[in-house]
Amino acid sequence: MALTKNPNVLKWLDEMVALTTPDKIVWIDGSEEQLNQLKAEAISTGEMEALNPEKLPGCLLHRTHPSDVARVENRTFICSRKQEDAGPTNNWEDPKVMYEKLRKLFNGVMKGRTMYVIPYSMGPIGSPFSKVGVELTDSIYVVLNMDIMTRMGVQAFQHLGDTSNDFVRGLHSKADLDENERYIVHFPEDNAIWSVNSGYGGNVLLGKKCFALRIASYQGKNEGWMAEHMLILGIENPQGEVKYITAAFPSACGKTNLAMLIPPEIYKKKGYKVWTVGDDIAWMRIGPDGRLWAINPENGFFGVAPGTNEKSNPNALATTRKGTIFTNVAHNLDDNTVWWEGLDKNPPKHAVDWMGRPWDGTTSKEKGAHPNSRFTAPAINCPCISDKFNDPQGVPISAIIFGGRRAKTAPLVYQARDWEHGVFVGSIMASETTAAAAGAVGVVRRDPMAMLPFCGYHMGDYFQHWLDMGKKLGDKAPKIFNVNWFRTDDEGHFIWPGFGDNMRVLMWILDRCEGKADAVETPIGFEPKPEDINIEGLDISIETLKGLLDVDKALWKEDADAIEEFYKKFGDKLPKELKNELETLKKNLD
Ligand code: OXD
Ligand code: MN
């Protein structure tokens, strides 16, 4: 029975059913009972495997096709009516042409299958930030993941109401997983996402990257808010006051680790605490007080498993110990649990690898888990989840941090001179590519605000939107910083310890926001005095810290040339403010 009377939903559903011709339609109400039935069905068909009920209660294991293990940026499209609205950094096709192509692929694709109708809310139900999506899919795996990652079920339809047309229409089919016909397509002007021939999370959990970043960034530009690829965390001081920061890093730079940071002993002793609001996406609006407020639109974490361990991220590990779906990790047959590279030093002897082949972790040279294997874990499991996680008003943001993986150029931390300069700092972000996206690993690429793969419109317009938001925020705007945890010495070793010790840098950042810390002006912005970063208890000297803060003018001059080249892409749409900032940088370096 239909779960909504909303005629906009029903009419669209009729069209999609006529196109895909499923044998059966199941409305997902989000009830425990229905979810249990679906889990049982997925287990009975072998789509999922139930894991050890004592050690990993309620956890499931799934493997995707070996050719379907990451987001596919070369098959991801933004189909705005005008090509220039998609911009030079997105794949584009005329929507008419693309719909026609996709209609052929979706034609009768669900014959013999069940269509699941998933209503979901991105953001807490009832929050002014929140938005509703409906995903139609032929995959139980998608339903079960969406249950963890979003507020899924009948409440989402209640939030939408009986007449609103403001919902994102998502259509997904695994089809036959043909990688040559795989498409992840966004139609921002139609509020629509069509995804076909993939079963991998980032391509098929349409609430996440597709809606909460690509479609939402476009909505945010039109409606005056921001959808950003950012974690949100709170730092509580011994007096119990909490200050919030957001941070943008390209994929796999340790966003989840930073979001769930464990304070070093020196801060713990004094009573400091860190609270996680989100690890991947922030939706931000100007609040009634004129400040910038953020929510995490998601309800769970879709984290990279390899490298997650008791030391790197105990909170993430704890989060995955119940009600979690593991994808493409190794299956330990001895006790029916999971394993991945970097979990511990005891790989299982009797195991199955991520491709489903028998695997002996004690002798095999091959990896047991895919480097981009994932956990989908409920946020409420997280030991350090913020008490504001479900707050419909979100949290007020004091600082925005950009960062990337740069071996030599960027110092440990610097502060932008003002908002405009901060937008420049975000626009020149760069990092080495990682396993989260298909393609070469280890190549340096520019990734403005970590949004290059996720901006649903022209990036020149996106920069302008940032500048416009800054004008509206005025002196209530968060302060903007850049960090780089990844400086290396001449042997290629990381100099900064990273992980929990990153809090030492965050503390300088918060002190700056409150006017409590000094800074020195450099050609690229404000830097801490080395003695203002607390290194008590660290095996690092003040000299090393000086090195970490060093600005190598020759390298920066090279970088400025590379930025100039990169900026050419945006043509007339590059805001003049950013051109001016680049000129200022060059002058400062001379
Ligand atoms: C992710 C990403 O979060 O690739 O999966 O950014
Ligand atoms: Mn991400």
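Analyst: We can start with the ligand and then turn to a sheet. The model is predicted, so local features need pLDDT of at least 70 and side-chain atom pairs pLDDT 80 or more, while totals for chains, interfaces and linings use all residues. Residues are numbered from 1 along each chain as its sequence is written, chains are lettered from A and ligands numbered from 1 in the order in which they are written, and side-chain values use heavy atoms, without hydrogens and water.

User: Which residues are closest to ligand 1?

Analyst: Eight residues surround ligand 1, and the closest are Arg-71, Lys-209, His-229, Ser-251 and Arg-374; a residue counts if one of its heavy atoms lies within 4 Å.

User: How far is ligand 1 from the side chain of Lys-209?

Analyst: An N or O atom in the side chain of Lys-209 is 3.0 Å from an oxygen atom of ligand 1, and for Arg-71 a polar side-chain atom lies 2.8 Å from a ligand 1 oxygen. Of the 210 Å² that ligand 1 exposes when taken alone, the protein buries 90%, with areas from the Shrake-Rupley method and a 1.4 Å probe.

User: OK, new topic: what is the strand order in the open sheet of five strands?

Analyst: The order is β2-β3-β18-β23-β17, with mixed pairing, where strands are DSSP runs (E, at least two residues) numbered from the N terminus and two of them pair if DSSP finds at least two bridges between them.

User: And which strands stand at the edges?

Analyst: Those are β2 (49-50) and β17 (300-304), and each has a single partner strand, so one side of each is left without a neighbour in the sheet. For β17, antiparallel pairing with β23 (residues 374-378) runs over five bridges, and Phe-301 has Ala-377 as its bridge partner in β23.

Conventions
Helices (H or I, at least four residues) and strands (E, at least two) are DSSP runs, numbered from the N terminus. A polar contact is a pair of N or O atoms within 3.5 Å; within protein, one must be able to donate a hydrogen and the other to accept it, and residues adjacent in sequence count only if both atoms are side-chain atoms.
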